[in-house]
Amino acid sequence: MGGKLWPWPCLLRYRKTFLEVVELGSLASNRSKSVPVRDDLQEESEPDTRVDDLLRRVASRFAWQSEPGISSGSLGHPFLCRAPCIRAVHGTCMKGPRCDFCHLEHVHPKRKLRRQERERLETMRELLALLIFQWHLEQQVIKLQLEQQLRLVLVVVQRHVRGLRQAQMPTELELCRVMENLWILRGFSLGQLFNSLQHWPQVSATFKRELKFLVDSARQSMARPATV
Ligand SMILES: [Zn+2]
Ligand SMILES: [Zn+2]
């Protein structure tokens, strides 16, 4: 099958370079450049490298930035926004800026999983499904040059996947299964990837929540989206 041309070693190589880029240590040292620290935090004697603390800081930074004129679902358009608002297309959305769906134009129709694809993903163990997810996530992030905006998301995904790997190393057979199914999420935008993951039953609820929070923060942080 042509799909098998996606080589697993490539995935591993990617993971390695990527892990170097977003390694926790470098996160801490780059923090001053990319994540402005509030005054009251600067008095801390030691930089705290724990992800959870970073999450708190980022959360405080992103709280309550909102753009007038677009719906809250449009934030992060076109990569990270929510599904397009059907009502807005017809000019009948009454929720205005409070609408959870995207009000900006979408050129590509929302890609949906076919039932068979969804079933395949949802019956894999968590690690395998997340390896597929992570592969597409990293591809998209690199392609769209969103490494800065999604750095915390990447760190959290990688940390979770690493934990699952350590708990139960994937067998050769399982890795083959991942490779054979890599194509399932092809063509998904970042927003679609994140939405899709929220529906996978085998993925830990805590992880889903954490990820949703981070993705929402990233969406908030993005500048007013350019209309296409
Ligand atoms: Zn959008
Ligand atoms: Zn709407």
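At what angle do α7 and α8 pack, and how far apart are their axes? The angle is about 150° and the axes are 10 Å apart; the views below start from the whole chain and come back to this pair. Everything here is a predicted model, in which local features need pLDDT of at least 70, side-chain atom pairs count only at pLDDT 80 or more, and totals for chains, interfaces and linings use all residues. Residues are numbered from 1 along each chain as its sequence is written, while chains are lettered from A and ligands numbered from 1 in the order in which they are written.

**View 1. The whole chain has 11 helices and zero strands.** Helices (H or I, at least four residues) and strands (E, at least two) are DSSP runs, numbered from the N terminus. Take the contacts with a separation of 6 or more: 76% of them join residues 24 or more positions apart. A contact here means two C-beta atoms, placed from the backbone, within 7 Å.

**View 2. Helix α7 meets helix α8.** Axes are lines fitted to C-alpha atoms, for helices over the stretch in contact, with angles running from 0 to 180 degrees between N-to-C directions. On the α7 side, E126, L127, L130, L131, Q134, L137 and V141 come up against L154, V157, V161, L164 and R165 of α8. Look also for Q158, partly exposed with 19 other C-beta atoms within 10 Å: Q158 and Q134 sit 24 residues apart in sequence but 7.8 Å apart in space, C-alpha to C-alpha.

**View 3. Helix α8 also packs on α11.** This time the angle is about 165° and the axes are 9 Å apart, so α8 is roughly antiparallel to α11. L152, V153, V156 and H160 of α8 make the contact with F207, E210, L211, L214, V215 and A218 of α11. The buried residues of α8 are R151, L152, V153, L154, V156, V157, H160 and L164.

**View 4. I132, F133, V153 and L193 touch the most other members of the largest nonpolar core.** Such a core is a set of buried Ala, Val, Leu, Ile, Met, Phe, Trp, Tyr and Cys residues joined through C-beta atoms within 7 Å. This one holds 38 residues, and two or more come from each of α7, α8, α10 (190-197) and α11 (205-221). The most come from α7, with nine residues. Setting aside neighbours within four places in sequence, I132 is in contact with V178, N181, L182, I184 and L185.

**View 5. Q145 lies in the loop between α7 and α8.** Although Q145 is not a glycine, its phi is positive, at about 55°. Q145 counts as exposed because it has 8 C-beta neighbours inside 10 Å.

**View 6. A cis peptide bond joins H77 and P78.** Omega is about 5° for this bond. P78 belongs to the loop between α4 (51-62) and α5 (86-89).

Definitions and conventions. A residue is buried if 20 or more other C-beta atoms lie within 10 Å of its own, exposed if 12 or fewer, and partly exposed in between; C-beta atoms are placed from the backbone. Angles under 35 degrees count as roughly parallel, over 145 as roughly antiparallel, 65 to 115 as roughly perpendicular and the rest as oblique.
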